[in-house]
Amino acid sequence: MKERIYKLREFRYEIGILVSFCIGFFLRFYQLDRQSLWSDELYSVYASSLSNWSDFWNYLEEDPHPPLFQILLSFWIRILPKFSEFSVRLFPVIISVLNLCILWFLTKTWEKPKRFIFLFLISLSPGAIYYAQEVRSYSLLLCLSSIILVLFVNLEKEGNRRFGWIGLLIASILVSYVHLFGFIFVGSLYFLFWVRFLLKKNKEVKSVFYLGLITFLAFLPFVYQLSKGTKIATASWIDPPGLVLYLAYYSLFFYTSKKFFFLTVIIPVILFMTWVVKDLRNWMRDRMDVTYSSSGTVILVAFFIIISTSLFSLYKPIVTNRNWIVTLPLVYYFVAEHLKFSLNRWYSIVGLILLTLFSLIDFKKNFYLAFKEDWRGSAQYILRNCEPPLVVSDSYPEFLSLYLDWAGHKEFSPILSGPVFEISQSKLCVLKRFLGGNGQELPKSMSMEKIGQTIFYGFTVEEYKRAK
């Protein structure tokens, strides 16, 4: 009996990682298809479903972000035995699961308490779970930024550094072509460590400089493409930074409510700021080590990204809380580095588990509700109640086509509402989007009268028949 207890104690961190991974995997797959894809997701899916690459590039012409996610999703769709809503939902989930597996492998040489905390937090992160179930680039963005940080930290080890440098270079170029904030992430990471190494006259200064320079040069083709058009103007819908943005950003780490506010907000923030102040004092007294694994410099990178992009967003808003998902591994690494010293105390483990548990309880209350535009429900209603072939939509008829095709109905032909079009059918359905529609009504010359209206989340389906 004592031997079993000793074995359990010896492998307690490995068991903790296994349990957190099992819960994390389950939450990433749980109720994956509970609600419809929404417009931003359908934008990626439709673009990636186009069989002609010329059509693919033309469709993405006004997208302000690099196209790597859509390219990979396009390959995923081509290798699938069946193109369906569920199959495309699997893509970001698999990326998120692979991320955890890769991080488990790359952190094998870390101290056990530090490794456990880092993997525990990223496995059960509300932000990581949320975007694992969204068919957009953020799951891949988090995956690559996490891998880059771990590879960078691992440069501290003398063994097999060539693998680390090559892996970093490849991952840095890839993350830059996933999202603009991927480039901001690697640029900030390499720039701040380069400055720290330069000030301390560290021999690694050249290596980091060349790594950043090659990454920047590799990103120049997209910068050139971005400067040619009006892509950046598409970010104009984003609000300037405010309290809502920072509260939403905090929810990537922990969900909270009034009931659990003290445990899920007050205590974590006080602890975090205590560690930040401690590192700042060491920095001011020149006691902080200048190494690849310096948690003080890592958290400085996170602050630099948040502050610099917030300031830029006062001029031209570009920031949403999901863009800052790249800072999750930076913050988690900082926390793991500081919390590892307290992990042998029972109350630290209990506090960490309770904090995560209450966060996931609030996450469940908010996440497992219908809160996205119901393209699926609207399409199902049209199939049951509308007359083919034409269906009119005031926004993105191609998204409606996706759901009609997934349901196996090719007889419908959604078109965009406009001032002039002809119909031969006696009844017509019009899909109107609450936000983002073109505002076009049916032409009066068509002599159609409205006979009904059904409301869905984000839409109304209006039914018309020819006036006698």
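1. Let's start with the handedness of the link between C386 and C429. The angle about the S-S bond is -90°, and the link is left-handed. Keep in mind that we're looking at a predicted model here. The two sulfurs sit 1.9 Å from each other, and this is the one disulfide that the structure holds.

2. Where are the two ends of that link? C386 is in the loop between α18 (375-385) and β1 (390-393), while C429 belongs to strand β3 (residues 427-433). They are 43 residues apart, so the pair links distant parts of the chain. Are these two cysteines buried or exposed? Both C386 and C429 are buried.

3. Now for two cysteines without a link. C101 is in no disulfide, and its nearest cysteine sulfur, the one of C143, is 10 Å away. C143 is in no disulfide either; for C143 the nearest cysteine sulfur is that of C101, again at 10 Å. A disulfide needs sulfurs within 2.5 Å, so that distance rules this pair out.

4. How does the accessibility of these two cysteines look? C101 has a relative accessible area of 38%, so we call it partly exposed. C143 comes out at 7%, so it counts as buried. The cut-off for buried is under 20%.

5. On to the sheet. Which order do its strands take? Reading across, it goes β2-β1-β3-β5-β4: an open sheet of five strands with mixed pairing. As a reminder, strands of a sheet pair through backbone hydrogen bonds, either parallel or antiparallel.

6. Which strands stand at the edges? Those are β2 (413-416) and β4 (448-456). Each has a single partner strand, so one side of each has no neighbour in the sheet. Going from one strand to the next, the twist averages 25°.

7. Take a look at β3 and β5 in your viewer. Strand β5 covers residues 459-466, and β3 pairs with β5 in the antiparallel sense over seven bridges. To pick out one of these, find R433: its bridge partner in β5 is F459. Remember that β3 is also the strand that holds C429.

8. Finally, the helices by the sheet. α18 packs on the sheet and touches β1, β3, β4 and β5, with its direction at about 20° to that of β5. Helix α19 (residues 397-406) lies across β1, β2 and β3. What angle does α19 make with β2? Helix α19 runs at about 165° to β2.

Technical notes
Residues are numbered from 1 along each chain as its sequence is written. This is a predicted model: local features need pLDDT of at least 70, side-chain atom pairs count only at pLDDT 80 or more; totals for chains, interfaces and linings use all residues. Side-chain values use heavy atoms; hydrogens and water are left out. Helices (H or I, at least four residues) and strands (E, at least two) are DSSP runs, numbered from the N terminus. Buried means under 20% relative accessible area, exposed over 50%, partly exposed in between (1.4 Å probe, protein chains only). Two strands pair if DSSP finds at least two bridges between them. Axes are lines fitted to C-alpha atoms, for helices over the stretch in contact, and angles run from 0 to 180 degrees between N-to-C directions. Contact means heavy atoms within 4.5 Å.
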